[in-house]
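Hello,

Here is the structure I promised to pass on to you. Please open it and keep it in view while you read, and my notes follow below.

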Amino acid sequence: MRIIIYTGKGGVGKTSMAAATACKIAGSGKKVLIMSTDPAHSLGDSFDRTVGKEQTQITENLYAMEIDSVYEGEKSWGNLKEYLRQLLTAKGGGGIEAEELLIFPGLEELFSMFKILEVYERGDYETVIVDCAPTGETLSLLKYPERLSGLIEKILPLERLGVKTVGAVVERAMKIPMPKDSVFDDVAYLVEKMKRLQKLLLNKDIVSLRVVTTPEKIVISEAKRNFTCLYLYHYNVDAVIVNHIYPGKAMEGYFHKWVKLQEEGLKEIRESFSEVPRFYVELLPKELRTLETLEEVGGYIFGDCDPNDVLFQKEIYVVDREGKSMKIYLPFAQKEELRLEQDRNELVIGVRNESRKFPLPSDFFGKEISSAKFEDGYLSIFF
């Protein structure tokens, strides 16, 4: 199975590009599911028909789904949520306030990502296309498995042991309920599921991310930041799709000043993403909606190229054991934006407000960083 995730700044046409790709692949005879994890679903609008939380058949080989994050969340953490509700209402009674406190930022979106894992493990489709939320939300989703699973793994055994030994005493003294084993089982299940999700997302032979942008400077800057952060978290971006390109004739007269701005934007995209396959989509004289239009555009975007292929892969880690160094690819990062720390056998690398821990290769266990340099998009670290 192939999983292709579309992301980008809001308003660049992610949904349309994802839908057109799904139509192109389904037209080749593969069974395709396109699913939206964006809370502001517009997948049904693209196909000009109603799409629900369960698969809806669009054509013979194409199915669509708009994920209901609340519904998926209830399936994923029912016991844990019920316990937290009891905890919050033990002293102050019930009410809508308790329900609002149980909505953790990004958690519902994470449960949407679990649906991708579920569909993959069920194996009913040959290709899954994912229309993700805008850039910031997508990045927060992709960080959850790594960050939460490590934290919970350290805390969970201690908490379970503590409840078994002194839980009854605390419950009587403090008048608050103690979690049952089913609650801990829920947490353990979530951790295990996050690990499987993380492993899947990092499998570059299965999962590709594609960044959608437009030729405007602000949007290109966002796409470059997105690209850097995705590589920081070891995800494979295998294509950039440039949408909303104005045809030459449309730029005559009143809009002629936009010609130079668009040319500058396209030049920056060519230079910035020179190694990555790029696809260009001109603005249509009609709305990009309905199955017929999406099928037409899917063929126009990719031509003879098969969008189901992994279009590009780049090695992110390069370890030079003889030279006692390692290199990490961080495209578009600036030297002054980088932070580098060492925590025993882990590296902590920050780019702007994003940071990630990298486990050191076993060759470097017990060694300390002696120096580092950043050039040509690679951070070289010496031990």
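**Salt bridges**

Let's begin with a pair of charged side chains: Glu271 and Lys267 form a salt bridge, and their closest N and O atoms are 2.6 Å apart. Both residues belong to helix α9, where they sit 4 residues apart, about one turn of the helix. Glu271 counts as exposed because its relative accessibility is 53%, while Lys267, at 43%, counts as partly exposed.

A second pair to find is Arg352 and Glu337, whose side chains meet in a salt bridge of 3.2 Å, N to O. Arg352 is in the loop between β12 (346–351) and β13 (354–359), and Glu337 is in the loop between β10 (325–329) and β11 (338–343), so this pair ties together parts that are 15 residues apart in sequence. Arg352 is partly exposed, with a relative accessible area of 28%, and Glu337 is partly exposed too, with 23%.

In total, the structure holds 17 salt bridges.

**The model as a whole**

Please remember that this is a predicted model. The average pLDDT of the protein is 81, and 77% of the residues score at least 70. Over residues 157–177, however, the pLDDT is below 50, although this stretch has 27 contacts in the model beyond near neighbours in sequence. Where pLDDT is low, the predicted coordinates should not be read in detail.

The protein has 10 helices and 15 strands. Of its 383 residues, 48% are buried. Among contacts with a separation of 6 or more, 72% are between residues 24 or more positions apart.

**Inside the protein**

Which residues have the most contacts inside the largest nonpolar core? They are Ile3, Met35 and Leu330, in a core of 63 residues. Helix α5 (residues 107–122) gives the most to this core, with 7 residues. Apart from this core lies another, of 32 residues, including Phe47, Val51, Ala64 and Phe279.

Leaving aside neighbours within four places in sequence, the contacts of Met35 include Leu43, Met65, Ile67, Val119 and Val130.

Now try Val297, in helix α10 (residues 291–302). Is Val297 buried or exposed? Val297 counts as buried because its relative accessibility is 2%, and the cut-off for buried is under 20%. Not counting residues up to four places away in sequence, Val297 touches Ala20, Val281, Leu284 and Leu288. Val281 and Val297 are 16 residues apart in sequence, and their C-alpha atoms are 8.2 Å apart in space.

**On the surface**

The accessible surface of the protein comes to about 18,700 Å², and 52% of that belongs to carbon and sulfur atoms. One nonpolar surface patch, of about 670 Å², is made by Tyr246, Tyr254, Phe255, Trp258, Leu261 and Leu283. Phe255 is in the loop between β7 (237–245) and α9 (257–272), and it counts as partly exposed, at 42% relative accessibility.

Enjoy looking around!

Best wishes

How values were computed: Residues are numbered from 1 along each chain as its sequence is written. This is a predicted model: local features need pLDDT of at least 70, side-chain atom pairs count only at pLDDT 80 or more; totals for chains, interfaces and linings use all residues. Side-chain values use heavy atoms; hydrogens and water are left out. pLDDT is the predictor's confidence in each residue, from 0 to 100. Contact means heavy atoms within 4.5 Å. Patches are made of residues with over 30% relative accessible area and no salt bridge: like charges are joined within 9 Å, nonpolar side chains (Val, Leu, Ile, Met, Phe, Trp, Tyr) within 5 Å. Accessible areas come from the Shrake-Rupley method with a 1.4 Å probe; for residues, only the protein chains shown count as cover. A salt bridge is a side-chain nitrogen of Lys or Arg within 4 Å of a carboxyl oxygen of Asp or Glu. Helices (H or I, at least four residues) and strands (E, at least two) are DSSP runs, numbered from the N terminus. Buried means under 20% relative accessible area, exposed over 50%, partly exposed in between (1.4 Å probe, protein chains only). A nonpolar core is a set of buried Ala, Val, Leu, Ile, Met, Phe, Trp, Tyr and Cys residues joined through side-chain atoms within 4.5 Å.
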